[in-house]
Amino acid sequence: MGLFNRRSAAVVAPVVAGVSAGVSGSSLSHLTGDYVIDSTHSEIGFSLKYAKVTTMRGRFTEYDGRLRLDGSEPSASTAEVVIKVASIDTALAGRDEHLLNGDFFAVEEFPEMVFRSTGAERVDEDTFRMDGELTIKGVSRPVSLELTLNGEVVDPMGNVRVGFDGSATVNRSDWGLTYNAALEGGGVLISDKIKLTFDISAIRQA
C-alpha cells in the first residue's frame, strides 16, 4: 500500500489558503489544469441484479484516464478513460472467465472499453454532469455521468489531487451484451440494467 491512501487518516493540506478539502465558494479557477487518474487510489465499479434477489458487484483494476479541468468554464472540461477489460474482478474467478468470453465482452477481439466526454455542465456548487460516449465491443453509445466534486488537497508527496465520485445507469443490451438464462418461475438470471460507479482521485500534472 502506498504512503498516501484516500481511505487512510493521512493529514493533507488545502490547495489554496482558506479553502478546505471540501470545496466552498463558487470559484473553481484554481482547479484548472491537466490531471491523470491515480488508479491505485481510485475505483471503477459496477453492480447489477443477479437472480432477481441479490446484487452482484465487480470492478475493473486496470485503466488509464486523463482529465482536463477548466475551473473558470466547467463546460470546457474533458475526460477520457481507457479500461482494460481483462482486469475485471467480481471476486469469483470462474465468473470473471465467463464475462471475458464471447457470451459477454469477447476480450480477445475487444480488449478495451473507452469513455470519451462530449460535454460537461456544472449543476450546482459541487455537482457536475458529464456527457460522453462509452464504447464497448466496438459499439459507441451516449452516457451521462453524475459527478460530485469531493474536494482538492496536496498529499504528503506534494501532489495536487482532486477527488470525484459518481455514477451512471445503463442497459447492457445497448452494447450487445445480451447473454442471459431463464429462471424457474419466470424472470432472467442477470438484469439488463447496470449501475456504473466511479470513485476517482486524479493528480494534476506539472
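**Ground rules**

I note that the model is predicted, that local features need pLDDT of at least 70 and side-chain atom pairs count only at pLDDT 80 or more, while totals for chains, interfaces and linings use all residues. Residues are numbered from 1 along each chain as its sequence is written, and side-chain values use heavy atoms, with hydrogens and water left out.

**Overall layout**

I looked up the secondary structure and found one helix and 11 strands in the chain, with helices (H or I, at least four residues) and strands (E, at least two) taken as DSSP runs and numbered from the N terminus. Along the sequence I read the pattern β-β-β-β-β-β-α-β-β-β-β-β. I then turned to contacts (heavy atoms within 4.5 Å); of those between residues at least 6 apart in sequence, 61% join residues at least 24 apart.

**The largest pocket**

I looked next for open space, using the definition of a pocket as an open set of points on a 1 Å grid over the protein atoms alone, where a 1.4 Å probe fits and protein lies on both sides within 12 Å along at least five of seven lines. The largest pocket holds about 940 Å³ of space, the volume being the space filled by probe spheres set on the points, which are joined across faces, edges and corners. I find 49 residues lining this largest pocket, and the closest to its centre are I44, G45, I83, L196 and F198; a lining residue has an atom within 4 Å of a point. The lining divides into 42 nonpolar, four polar and three charged residues. In this division Ala, Val, Leu, Ile, Met, Phe, Trp, Tyr, Cys and Pro count as nonpolar, Asp, Glu, Lys and Arg as charged, and the others, Gly among them, as polar.

**Salt bridges**

I searched the whole structure for salt bridges, each a side-chain nitrogen of Lys or Arg within 4 Å of a carboxyl oxygen of Asp or Glu, and the search gives nine.

One of them joins D34 to R68, with the closest N and O atoms 3.5 Å apart. This pair links distant parts of the chain, since D34 is in strand β1 and R68 in strand β4 (residues 63-69), 34 residues apart. D34 is partly exposed at 41% relative accessibility, and R68 is partly exposed at 33%.

I also looked at D89 and R59, whose side chains meet in a salt bridge at 3.4 Å, N to O. D89 belongs to strand β6 (residues 88-89) and R59 to strand β3 (residues 54-60), 30 residues apart, and the pair links distant parts of the chain. Here D89 counts as partly exposed at 27%, and R59 at 34%.

The side chains of E112 and K84 meet at 2.6 Å, N to O, in another salt bridge. Because E112 lies in strand β7 (residues 112-122) and K84 in strand β5 (residues 78-84), the pair ties together parts that are 28 residues apart in sequence.

I noted as well that D38, D155 and R161 are linked in a network of salt bridges.

**S42**

Where is S42 found? I located S42 in the loop between β1 (33-37) and β2 (43-50), and S42 counts as buried because its relative accessibility is 10%. Its side chain reaches the backbone oxygen of D38 at 2.8 Å. Although S42 and D199 are 157 residues apart in sequence, their C-alpha atoms are 5.4 Å apart in space.

**D131**

I found D131 in strand β8 (residues 127-136), partly exposed with a relative accessible area of 33%. Leaving aside residues up to four places away in sequence, D131 touches F115, S117, T118, G119, V143 and S144. With the side chain of S144, the side chain of D131 makes a polar contact at 2.9 Å; such a contact is a pair of N or O atoms within 3.5 Å, and within protein one must be able to donate a hydrogen and the other to accept it, while residues adjacent in sequence count only if both atoms are side-chain atoms.

**Positive phi**

My last entry concerns backbone angles. A51 is not a glycine, yet has a positive phi of about 55°, and its place is in the loop between β2 and β3. A106, also a residue other than glycine, has a positive phi near 45° and is found in the loop between α1 (93-100) and β7.

Terms used:
Buried < 20%, exposed > 50% of the residue type's maximum accessible area, 1.4 Å probe, protein only.
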